[in-house]
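Trainee: Can we go through this one together? I'd like to start with helix lengths.
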Amino acid sequence: MFTPSSLLTTLVSCLGFWILNKSLNSNNLIIIPVPDKYAGLTRYKWRNVVGSLVHATVVSIVGAFCLYTTPQYLQDRVETYTSLGEFNIAVTIGYLIYDTRDLLQHQGVTSTWPILLHHLTLISTGLHMFFYHQRLLGYGIICSLIEFNSVFLHARQLLLMYSFSKSSGIYKMNNVFNIFTYIAFRLAIFTTLFPFVWEDCGRITPLLCNGFLLCVSILLVINLVLFYRLIKSDFFSTNRKDDTDILVNNNINNGKSR
């Protein structure tokens, strides 16, 4: 059943991201400059990326620490359970709840329904499997490592928002880490999930097993396509301005499992 700590952490996480975004909206509280292009009505796009960067940083570090201190997450992905792992998943669910509300407020359902479907699926799955049944937490912890790549994807997005040239040193350095972590964390983890799910199929329902395999297959294909688009944008295109590149970034982040 639900534990008070998981529900409280989810609520605090949701509230924390709401406070963060409110502070980024306030000229009196903000401590980092807003890009001129996003100082007006589109400011929500910039602060959404900053919030996503904070989430990715926290969740990836805590997820790596969970695996370091509890390597059983890799051996028994179905039954292994720790309070820190529960905390990490709760932070993500709280973030997704806030981000869903933010998307509905500023962009509506029509233009964001794939992202909303992604968020609502993860929220319902997390609440049902991770918290209520306290099972399959290992998969959530393993997938949290994908957020290491999200850190550099969001950093790339911010660099474009601040009009950094693709030929600048900081962009090139971030690009190296971005490509490396995309392969080492995002693509490698999605590929590794196939044998993991297949091995655990006897311990979960056939419906859940087949659903997992289908979901992972779709996400892997999506991320391979978006990896091609990322490579093409950063290595085989002229230094065109930023909306197209930011759209690539958004699509990659929305095509992931959080």
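Mentor: The expected span of a helix is 1.5 Å times one less than its number of residues. Keep in mind that this is a predicted model.

Trainee: OK, what span should H7 have, and how far apart are its end C-alpha atoms?
Mentor: H7 covers residues 147-161, so its 15 residues should span 21 Å at 1.5 Å a residue. The end C-alpha atoms are 20 Å apart, which agrees.

Trainee: How many residues of H7 are buried?
Mentor: 12 of the 15, so H7 is mostly covered, with buried meaning under 20% relative accessible area. Among them are Glu-147, His-154 and Arg-156, along with Val-151 and Leu-158.

Trainee: What follows H7?
Mentor: Ser-163, with a positive phi near 65°.

Trainee: Switching topic: at what angle do H1 and H4 pack?
Mentor: About 45°, with the axes of H1 (residues 4-25) and H4 (residues 83-106) 7 Å apart. That angle makes H1 oblique to H4.

Trainee: Is the crossing left-handed or right-handed?
Mentor: The crossing of H1 and H4 is right-handed.

Trainee: Which residues make the contact?
Mentor: On H1 they include Ser-13, Phe-17 and Trp-18; on H4 they include Phe-87, Ile-93 and Tyr-98. By class, the contact has 10 nonpolar, 7 polar and 2 charged residues.

Trainee: You mentioned Ile-93. How far is Ser-124 from Ile-93?
Mentor: The two are 9.1 Å apart, C-alpha to C-alpha, and 31 residues apart in sequence. Ser-124 lies in H5, residues 113-132.

Trainee: How exposed is Ser-124?
Mentor: Partly exposed, because its relative accessible area is 42%, between the 20% and 50% cut-offs.

Key
Residues are numbered from 1 along each chain as its sequence is written. This is a predicted model: local features need pLDDT of at least 70, side-chain atom pairs count only at pLDDT 80 or more; totals for chains, interfaces and linings use all residues. Side-chain values use heavy atoms; hydrogens and water are left out. Helices (H or I, at least four residues) and strands (E, at least two) are DSSP runs, numbered from the N terminus. Buried means under 20% relative accessible area, exposed over 50%, partly exposed in between (1.4 Å probe, protein chains only). Axes are lines fitted to C-alpha atoms, for helices over the stretch in contact, and angles run from 0 to 180 degrees between N-to-C directions. Angles under 35 degrees count as roughly parallel, over 145 as roughly antiparallel, 65 to 115 as roughly perpendicular and the rest as oblique. A crossing is left-handed if the near helix is turned anticlockwise from the far one by less than a right angle, and right-handed if clockwise. Contact means heavy atoms within 4.5 Å. Ala, Val, Leu, Ile, Met, Phe, Trp, Tyr, Cys and Pro count as nonpolar, Asp, Glu, Lys and Arg as charged, and the others, Gly among them, as polar.
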